[in-house]
Structure formats: structure tokens, C-alpha cells
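Dear colleague,

I am passing on the structure that I mentioned, together with some notes on what came out of going through it. Please read the notes beside the coordinates.

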Amino acid sequence: MIEVIDLKKVFENGYEALKSVNFTIEKGDLVCLLGPSGCGKSTILNLIAGLLSPSDGDIRFAGNSVVKTEPKDRNIGFVFQNYALYPHMTVFENVMFPLTVGDKKKPKAEAMAIAEKYMELTNIGELRNKKPGTLSGGQQQRVAITRALVQNPEVLLLDEPLSNLDARLRLKIREEIRRLVKEVGITTIFVTHDQEEALSISDKIILLNEGVVQQDDDPQNLYLEPANLFVAQFIGNPIINILPVTVKDGVMSHEEFHVPTSRFAEDRFKEDMPDGSYILGIRPEDVLPVAGEGAFDATVHGVELIGRERILNFEIGANHLKSIVSIENEIQEGAELTFDFAYPKAFLFKPDGTRIY
């Protein structure tokens, strides 16, 4: 188990990269640190690896603090964004190298056997005699991961490992990473700014913004039950629809609609909701064109085709909205439609982003 407790990092220039970060990672889990650039993801990874020292707080492996432990003694495998392979060595020599130096040095025959074992596991045996410069990005990534695994680390750290690969290869390699680390049973922390990557690969996602954990949860819950407006807007593609609304006397109002708060279901919205100004969040798949009475009318000004679905773009008042419909629904640009909400699936936030319902 990895425990991060009240972790803070302030750099010499005064920049506060982390502000009292707390989370726990269970042994054998694959966890993604997710968030926009500059949110503190890589800083956390470097602190766990020992490449940076915290300004305050603690990091514990299996209950033992490691903040005073040298990086080489933390039993960590680190895969960098640029792979960091030795260009003058063959693939086999790169993979075997960690077993030939330092405290992990093995007899040559044993080191070769371990390297062979992991190269077979990661399906790079046919590359053994090639130099890194002759390999594709995906092949180099496999070699870098294999080199990290031969050390039998307690923790595997991956810093934006797929950012240099094309979209199709990213999909393939992330599936391989998931299979591999689960097969080996190694605790893995995977840094990414790509929500699709995080949602598809992880057991848990730790979503950060400006050095603060916004939500620490399983992937599905970040989408279905966002902790705040930032999470709701960051997770989901297309992005969630956001509308300013007011509530008064049990009625929710926008410049284009007025609906009773009771429509939003008792388990999420309340008829006696306090009067005031709020932000309504509703995902594109929950804004539905309807044949009969709805919440509002709008003219479709753009249609995007994405495989099995169409994304309809339209405005209500000053707000741009999207609706997702089946590809069989042949709605075209210029169509005038009535829309309604899947009310029980809506979210309500305070103006500061705090979630109410």
C-alpha cells in the first residue's frame, strides 16, 4: 500500500505545486494521476520516486515512511516520457542493464534468464538484437517498460508514457500495459492528462487541479457522480452542458425555460431547494430531442458524426449546448427541434463549483 499524507511541495521560486495532497493506493492497483498541465501530477510522481523532496507531509510504503530513503533504495521502476534507453546498447542489453549494476547486480547467467523471461512476457523477443534508434515509438515503450519490470520493483511509475505515440498505437499499448501490470501484480501509478486513457486503464483515478485533489474515486464515479463542477467539466467527451439558472418557489428558471424542481427527482433535487442562483450541469446524452412537449425549442446549427452517434449543436439564449443522438436519427443542420432533459441525471452546483445535487 502507498499512502500520501498531507503532501506539500513549494519550489524555491515560491510556486506552490501541491497543497496538502492525501490519497491511498492499494497493493496491486493501477491508479492514474489525471489533470490538466501544471496540476501537480508529475510532481507527485517525482516525490514518490525520491527525485524531489517534499516541503511537508509524508509518503509511506506498507506503513513505512520513505521520504528520507534514497531513490535507489525505494524499489521503484520509473518509465519516463522519453523512454531514456541507452542508444549504444541492443534491446537485450538495455533490458538486462539494471541487473548488471548496483545493489541489484546478478550473476550474468541469472541476469540473462530474467531478461529473457520479461522480454517474452512483453512480446519483444524478436527485437533483442536491435538498437533503440531502429525501433518505433511503441517498440521503444515496450522496451522501457520491460527494463523497469526486470528489477521486480514494488511500485511502477509511468510518466505520460504514451504521449509520443499516435492514437491507434496509444490504444494498443495502453491495453498491453493494463494486461501486463495486472499479470505481474505490481502496484502502478500512471500519469496522464488524457481522460479517455485514464478511464480505460485504471482501477482508480486521482483527479487534480492546481495542486489539489478534486476527486479520488473509481473511473465510473467520476463520470456519474462528480464531486464538483471542475470534475464534471473535465470528465466526459463531449463536455457537460452548463447553464446558469435561478430557483424560486420550487421553479428552476433559465431565460429559455421554467421547470418545477420536482421534475429532477426526489433523490437528487428537492422541491424546497433554497431560492438562489445555481449552475445546472447536464451531459449531452441527457439532453433529448422529443416529439411532444419539452423544456425548450432550439435550432440545430451544426451536426458532428462520431461513429454510431450524431452530436447536435445548438444555442439556448447565450449558452451553447450539445445533444447526442443515434446515427439512425437523421437530424440535419437547420432542424428546429423541441428538447427536454433526462431530469434525474442532471447535476446542480453553486456558483463557486460546489456540488449541491
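With which residue does lysine 172 form a salt bridge, and how far apart are the closest N and O atoms? The partner is glutamate 176, and the closest N and O atoms are 3.3 Å apart, a salt bridge being a side-chain nitrogen of Lys or Arg within 4 Å of a carboxyl oxygen of Asp or Glu.

Before the rest, a word on conventions. This is a predicted model, in which local features need pLDDT of at least 70 and side-chain atom pairs count only at pLDDT 80 or more, while totals for chains, interfaces and linings use all residues. Residues are numbered from 1 along each chain as its sequence is written, and side-chain values use heavy atoms, with hydrogens and water left out.

To stay with that pair, lysine 172 and glutamate 176 both lie in helix α5, 4 residues apart, which is about one turn of the helix; helices (H or I, at least four residues) and strands (E, at least two) are DSSP runs, numbered from the N terminus. Lysine 172 counts as partly exposed because its relative accessible area is 42%, whereas glutamate 176, at 19%, is buried; the classes are buried under 20% relative accessible area, exposed over 50% and partly exposed in between, with a 1.4 Å probe and protein chains only. Arg142 joins Lys172 and Glu176 in a network of salt bridges.

Leaving aside neighbours within four places in sequence, isoleucine 173 is in contact with Gly138, Gln141, Arg142, Leu162 and Leu165, where contact means heavy atoms within 4.5 Å.

Serine 200 sits in helix α6 (residues 195–201) and is partly exposed, with a relative accessible area of 42%. The side chain of serine 200 is joined to that of arginine 174 by a polar contact of 3.0 Å, meaning a pair of N or O atoms within 3.5 Å, of which, within protein, one must be able to donate a hydrogen and the other to accept it, residues adjacent in sequence counting only if both atoms are side-chain atoms.

A search of the whole structure gives 12 salt bridges. Among them is the one between aspartate 58 and arginine 60, at 2.9 Å from N to O; aspartate 58 is buried at 13% relative accessibility, while arginine 60 is partly exposed at 30%. Lysine 72 and aspartate 73 form another, with the closest N and O atoms 3.3 Å apart, and here lysine 72 is exposed at 61% and aspartate 73 partly exposed at 41%.

On the overall layout, the protein has 8 helices and 21 strands, and its C-alpha trace spans about 75 × 45 × 35 Å along the principal axes. Of the 357 residues, 48% are buried.

The domain assignment, which is automatic or taken from a database, gives domain 1 (2–234) and domain 2 (241–349), with C-alpha centres 40 Å apart. Their contact takes 9 residues from domain 1 and 7 residues from domain 2. The area buried between them is about 680 Å², of which carbon and sulfur atoms give 58%; buried area here is the accessible area (1.4 Å probe) that two parts lose on being put together, summed over both. On the side of domain 1, Tyr223, Leu229 and Ala232 lose the most area to domain 2, together 65% of what that side buries. Across this interface the rule finds 0 salt bridges, and 3 residue pairs are in polar contact, both residues being at pLDDT 80 or more.

The peptide bond from asparagine 237 to proline 238 is cis, with omega near 5°, and proline 238 lies in the loop between α8 and β11 (241–248). Alanine 62, in the loop between β4 (56–61) and β5 (64–65), has a positive phi near 50° although it is a residue other than glycine. Glutamate 210, in the loop between β9 (204–209) and β10 (212–217), likewise has a positive phi, of about 50°, without being a glycine.

With best wishes
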